Amino acid sequence: GREVPSLDRSLEEEGEEEEAVEGSTLRPLDDEEKQEENLPDKVISMQLVAWRGLGEARLAGMSADAVASEVLQLAHVRLDEERIARIDNLEALGNVTHLLLHRNRITRLENLESLRFLQLLSVASNDIMTIENLTCLPCLKALDLGYNLIDEVPAAELPQSLMYLTTECNPLRTMDDGKWKVVYDAMPNLRQHDCEDLPGDEEEEDDEASDEESA
């Protein structure tokens, strides 16, 4: 299986201090997971965020005010594999830099406007068909859209800050080399697509190195 999000490693190379994402792989569902597929959807709530971010044992000894204060300060929020069908109720998470929503039931990218400091977003392995509502994320560096139902990648819908993009295992029926070139040309900071350096990046680095040697 593939670790999720693979983009964490890319940000580590940039000197970011990242938490390891352990045990999250995209693999065939086992019998227990298939049974869970029949369970009802969950809604994103502060209770769910607190339970995942702080842990049940720690929550047991905290007052409601203390829990709320801790949640407001969270920078990394993991909500993967929670049967979430809709991105919503994120207004209190304005300090979050990493949001992991992979392996859920999400069908649409929406309601992300309050996450002004978000740097990494993983929505891999959902049911998303359209890339939209992401240009409101001015600090986003890494975006994992792998294993969804996306046919088109419009550059106009991607934040200009983006450095690492994953779209593997989507249909991408409308995308060809020409359209990918349009995307790459329109994204001034993009360095890697599906964990591969962009075409031309190595040549530019070689040219810079040659210029320095000549000087």
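Predicted model: local features only at pLDDT ≥ 70, side-chain atom pairs only at ≥ 80, totals over all residues.
Met-46, Val-49, Ala-50 and Leu-54 of helix α3 meet Val-67, Glu-70 and Val-71 of helix α5, where contact means heavy atoms within 4.5 Å. Helices here are DSSP runs (H or I, at least four residues), strands likewise (E, at least two), and both are numbered from the N terminus. By class, this contact of α3 with α5 has six nonpolar residues, no polar ones and one charged. The classes count Ala, Val, Leu, Ile, Met, Phe, Trp, Tyr, Cys and Pro as nonpolar, Asp, Glu, Lys and Arg as charged, and the others, Gly among them, as polar.

Residues are numbered from 1 along each chain as its sequence is written, and side-chain values use heavy atoms, with hydrogens and water left out.

To return to the helices: α3 and α5 pack at an angle of about 75 degrees, with their axes 10 Å apart. The axes are lines fitted to C-alpha atoms, for helices over the stretch in contact, and angles run from 0 to 180 degrees between N-to-C directions. The two helices, α3 and α5, are therefore roughly perpendicular (65 to 115 degrees).

Next, Ile-131. This residue is found in the loop between β5 (120–122) and β6 (142–144). Is Ile-131 buried or exposed? Ile-131 is buried, because its relative accessible area is 2%. Among the residues that Ile-131 touches are Leu-109, Leu-145, Val-153 and Leu-158, not counting residues up to four places away in sequence.

Finally, the aromatic rings. The structure holds one aromatic pair: Trp-180 and Tyr-184, stacked at 6.0 Å centre to centre with 20 degrees between the planes. Rings of Phe, Tyr and Trp (its six-membered ring) pair if their centres lie within 6.5 Å, and planes under 30 degrees apart count as stacked. Trp-180 and Tyr-184 both lie in α6 (residues 177–186), four residues apart.

Notes:
Phe/Tyr/Trp six-rings, centres within 6.5 Å; stacked < 30°, edge-to-face > 60°. Parallel < 35°, antiparallel > 145°, perpendicular 65-115°, else oblique. Buried < 20%, exposed > 50% of the residue type's maximum accessible area, 1.4 Å probe, protein only.
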